[in-house]
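Here is a short report on one protein model. Look at the structure first, then read on.

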Amino acid sequence: MPSAILAIDQGTTSTRCILFDHKGQIMAAAQEEHRQIYPKPGWVEHDAIEIWETTQRLQSDVLRKSGLSPVDIAAIGITNQRETTVIWDRITGKPISHAIVWQDMRTAELCEELQAGKGKNRFQHQTGLPITTYFSAPKIQWLLDHIPEARARAEKGELLFGTIDSWLIWNLTGGVHVTDPTNASRTLLMNLQTLDWDEDLLRIMRIPRSLLPAIRSSSEVYGHAKGVLEGVPVAGDLGDQQAALFGQTGFDLGDAKNTYGTGCFLLLNTGTEIQTSSHGLLTTVAYQLGTEAPVYALEGSVAVTGALIQWLRDNLGLIETVAEIEPLALSVEDNGGVYIVPAFSGLFAPHWRSDARGAIVGLTRYAHKGHFARAALEATAFQTREILDAMTVDIGHPLSQLKVDGGMVINQTLMQFQADVLGVTVIKPKVSETTALGAAFSAGLAVGFWKDLDELRRLWAVDRIYDPKMDRLTAQKLYGTWQKAVERTFNWAE
């Protein structure tokens with residue numbers, strides 16, 4: 001009998017392969033970073049071939065570490081950085097260019113053209129999304145218009161588009177071209193009600209339907225693996241933030257989680273009803289299991305959180321390792337009046353300002369690197385507060401607790417400050433790799449490795465609870481100053 005599920009977690013900065021057992025515990029894991037390519041200011045690219053080659057190495061590594069073979073693995077689940085856009089040759093499998101990453105801003109002018117005097121919410125009714133550089137459709141348009149012969153080849157049916165999940169599944173299975181509703185709902189091309197590509201949007205954006213993958217549920221067998229994992233069913237597919245909600249067993253109406261990674265993403269389960277935000281949040285598909293009705297979510301997306309810590313390390317040399325940020329932040333009592341607004345890719349929810357750029361404000365001769373470190377951590381918490389405030393207005397009531405996950409949750413200083421700024425209890429689970437766990441859960445359900453959602457609920461366990469400790473007046477004053485800092489970033493880029 002198979003004893004494990006393999007999750008492939010392909011993120012913005014690295015790829016992980018993690019094996020989970022029946023109890024949802026990690027049996028073995030392997031991870032490797034990939035290059036971040038910055039050809040011009042505001043442009044961000046990945047090498048899709050590098051990502052696939054890395055994924056292949058990690059599959060072998062995790063099998064070696066665990067001592068398992070493919071017959072021991074019940075299924076493979078995929079989770080991925082969303083919106084990142086790959087177009088490749090249907091026959092050779094070779095991408096026509098580097099992948100355009102979700103953070104990339106080269107499509108700003110194209111997005112303005114799509115708004116066409118009708119505003120950024122022109123397609124919100126169909127897609128639940130504003131028209132911004134974040135989503136895949138403008139990236140597809142840009143590639144078709146700027147890569148020689150790409151549009152003509154696409155119209156002849158010679159090319160395929162995919163977000164990273166589709167790219168990995170296509171390579172894993174030897175040619176199955178699919179995606180799921182969670183990833184499709186991030187393209188600006190899928191109709192939330194039909195869970196199919198919207199013909200009007202395809203026409204407006206001049207994107208051939210033959211380019212696009214079939215939309216299947218988040219939990220079903222799409223095909224079987226070739227190569228290292230020969231014969232193992234590929235049976236789960238969730239965009240990374242939806243996978244984290246699933247891994248946190250956020251199956252009930254009102255369940256919420258926040259993931260702290262390269263960016264920060266807060267999702268709230270809104271059930272089987274589509275709820276449209278009037279305060280800058282996204283409506284997205286949370287998951288769809290087999291033939292069941294889809295479950296939807298409201299999402300607040302922050303572009304830069306963990307990436308700010310990496311920037312302090314890689315660009316400024318303020319720290320040598322990411323782990324150094326917490327002791328450096330603890331070397332000071334407070335932020336010394338320093339606020340960092342990391343609008344490197346503009347501002348995402350709830351502002352959606354592509355004209356914003358990063359700023360460090362409140363500098364005096366008193367400020368030093370300890371204050372920078374604390375300000376960088378606090379920026380994550382403040383941006384999450386902005387999202388939660390918008391969500392509270394949209395749903396009509398505040399949250400009482402927030403489940404958290406992602407790489408930054410090991411930082412106890414950040415988690416306590418997050419609870420303080422929000423004024424709500426923050427809960428960290430025992431398995432912090434909830435994104436990969438969600439992918440494993442979706443694949444395991446598809447093949448009967450786990451019976452149902454109730455069984456998954458019983459696997460989830462608390463590791464640590466952070467209750468608010470800061471005086472509410474103090475927390476509000478800090479947040480008010482943060483809001484002033486955010487305003488300073490507006491209207492910077494032409």
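This is a predicted model: local features need pLDDT of at least 70, side-chain atom pairs count only at pLDDT 80 or more; totals for chains, interfaces and linings use all residues.

The side chain of Asp 405 makes a polar contact of 3.0 Å with the side chain of Gln 248. A polar contact of 3.1 Å links the side chains of Asp 405 and Thr 434. Asp 405 lies in strand β21, which covers residues 401–405.

Asp 405 is buried, yet it has no salt bridge.

## Around Asp 405

Now look at the neighbours.

The largest nonpolar core has 130 residues. Those touching the most other members are Ile 87, Leu 189, Met 205, Ile 207, Leu 211, Phe 246 and Tyr 260. Helix α12, residues 369–395, gives the most to this core, with 12 residues. A second, separate core has 33 residues, among them Cys 17, Ile 164, Tyr 222 and Val 234.

Take Met 205 as an example. Not counting residues up to four places away in sequence, Met 205 touches Leu 114, Phe 123, Ala 137, Gln 141, Leu 188 and Leu 189.

## Cysteines

Cys 17 is buried, at 0% relative accessibility. Cys 264 is also buried, with a relative accessible area of 1%. The count of disulfides is 0.

Methods. Residues are numbered from 1 along each chain as its sequence is written. Side-chain values use heavy atoms; hydrogens and water are left out. Helices (H or I, at least four residues) and strands (E, at least two) are DSSP runs, numbered from the N terminus. Buried means under 20% relative accessible area, exposed over 50%, partly exposed in between (1.4 Å probe, protein chains only). Lys and Arg count as positive and Asp and Glu as negative; His and the chain ends are not counted. A salt bridge is a side-chain nitrogen of Lys or Arg within 4 Å of a carboxyl oxygen of Asp or Glu. A polar contact is a pair of N or O atoms within 3.5 Å; within protein, one must be able to donate a hydrogen and the other to accept it, and residues adjacent in sequence count only if both atoms are side-chain atoms. A nonpolar core is a set of buried Ala, Val, Leu, Ile, Met, Phe, Trp, Tyr and Cys residues joined through side-chain atoms within 4.5 Å. Contact means heavy atoms within 4.5 Å. A disulfide is a pair of cysteine sulfur atoms within 2.5 Å.
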